[in-house]
Amino acid sequence: MVSSKLLFVLASAAVSSAFDPQLGYNSFVDVENRTIDEIYQAALKEGGTVTLWHGGDEKNQQNSLKQAFEERFPGMTLNVTVDLSKYHDVNIDRQIATGDVYVDSVALQTLHDYPRWKSQGALLPYKPLGWDALYKDFRDADGYYNGFYVLNWANRWNTDYVKEPIKEFDDFLRPEFKNKLILTYPNDDDAVLFAFDLIMKQQGGYEWFEKLLAQKPRWVRGSATPNTLISNSNGTYTASFTGSIGLTPSAPFNVSLPTAPNSFVSWPQTGAILKDAPHPEGAKLLHSYILSEEFQAARGGWSVRSDIDGPAGYPKIFDVPGTDVTKFSEFMADRAAVERLRFYFEDKIGSAQGLSPLEDNL
Ligand SMILES: *[C@@H]1O[C@H](CO)[C@@H](O)[C@H](O)[C@H]1NC(C)=O
Ligand SMILES: *[C@@H]1O[C@H](CO)[C@@H](O)[C@H](O)[C@H]1NC(C)=O
Ligand SMILES: *[C@@H]1O[C@H](CO)[C@@H](O)[C@H](O)[C@H]1NC(C)=O
Ligand SMILES: *[C@@H]1O[C@H](CO)[C@@H](O)[C@H](O)[C@H]1NC(C)=O
């Protein structure tokens, strides 16, 4: 009979020699055991820079992260570039393919990339400080990637022009919204595509979409563009459901979250460190900082940590009735289905027109 002590030794031997022949190296890592200040010192010694590519559709969208990080860690520079995740990922692929990786960390909406990059051996396994507090659904068990924060779409409108709050998606069919809706092309952004997928499943399919088209919405590129025009078009556009805004927005905005089960989009924006990152210590500092209670609680929106309360009086993300935060990664993983749906909408509303939302100054 094998003693339980021996079993433990055997088990840990098996774990610590988890050489992965496909990856070509040992895939087992422990959770970070240094303090944040020890990582900070290592990152300074390395050069004091970390290059992050973050998904998004306005150049300044991560300025608050940059500012918070650089204030917390004097001497560090967060060299962050925002672009559509679907463009960042193909450019990361190119760096990997040519062996010229100059980005340290990626934080993208394209959740299907992470398991692929992991299986290609392109990622550095790292379990940041705070990893144990992450919801299991938001972390790769081997530590190759994990959620940074939860992003979501919300209904929003200009209260100077819209007096009756919007609750569910049928409210966008009210006569007052004829010619007043401003929506992001679902065929330009997969998270917007997923919103239409969920709404049409919940609202009984194509009929709702036909009624929406009869409202003659304006279609734009970028999920942040509707907010700009809702706030400064003098009532030309008054409401949207594609894109996000803080859960406690300032005037003239109001916001609501649909409550029908699995009806609005939320997902863990997910981060990873590239295996050949030029600044691995800087990237480790960034990831550990992002998962810190300090950052997660201050950021607003829902946390990826199970020990932090929901924002603005909302319950934690897994207890919010109108969304299932695990579904977006499933949707994104089925690229053939995504492509079929994308072309379905492209056939109805045409291909996305206009400059990249990062260039259009809206
Ligand atoms: C911390 O982790 C490193 C790398 O996994 C390991 O070599 C080291 O022994 C650990 N130190 C402590 C004090 O646990
Ligand atoms: C900042 O990031 C860009 C790529 O996004 C890279 O070309 C540049 O070299 C980086 N700067 C530093 C100082 O690492
Ligand atoms: C909105 O109205 C203000 C004041 O009349 C005017 O200055 C501004 O140009 C208008 N904006 C648009 C987009 O029509
Ligand atoms: C905002 O909407 C909520 C309902 O979602 C409503 O109770 C509240 O009165 C609205 N506020 C304004 C300023 O319209």
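Helices (H or I, at least four residues) and strands (E, at least two) are DSSP runs, numbered from the N terminus.

## Basis of the model

This is a predicted model, in which local features need pLDDT of at least 70 and side-chain atom pairs count only at pLDDT 80 or more, whereas totals for chains, interfaces and linings use all residues. Residues are numbered from 1 along each chain as its sequence is written, chains are lettered from A and ligands numbered from 1 in the order in which they are written, and side-chain values use heavy atoms, with hydrogens and water left out.

## Ligand 2

The shell around ligand 2 consists of Thr49, Thr51, Trp53, Asn79, Thr81 and Tyr102, where a shell residue has a heavy atom within 4 Å of the molecule. By class, the shell has two nonpolar, four polar and no charged residues; Ala, Val, Leu, Ile, Met, Phe, Trp, Tyr, Cys and Pro count as nonpolar, Asp, Glu, Lys and Arg as charged, and the others, Gly among them, as polar.

Oxygen atoms of ligand 2 lie 2.3 Å from a side-chain N or O atom of asparagine 79, 2.8 Å from one of tryptophan 53 and 3.2 Å from a polar side-chain atom of threonine 81. Taken alone, ligand 2 exposes 360 Å², of which the protein buries 50% (Shrake-Rupley method, 1.4 Å probe).

## Ligand 4

Trp157, Thr159, Pro165 and Asn254 surround ligand 4. A polar side-chain atom of asparagine 254 is 2.4 Å from an oxygen atom of this ligand. On its own, ligand 4 has 370 Å² of accessible area, and the protein covers 41% of it. Its shell divides into two nonpolar, two polar and no charged residues.

## Helix 8

Thr225, Pro226, Asn227, Leu229 and Ile230 of helix 8 (residues 225-232) are buried (under 20% relative accessible area, 1.4 Å probe, protein chains only). The buried residues of this helix pack against strands including strand 8 (155-158) and strand 12 (253-256), contact meaning heavy atoms within 4.5 Å. Just after helix 8, asparagine 234 takes a positive phi of about 55°.

Notes:
Polar contact = N/O pair within 3.5 Å; in protein donor to acceptor, adjacent residues only side chain to side chain. Buried < 20%, exposed > 50% of the residue type's maximum accessible area, 1.4 Å probe, protein only.
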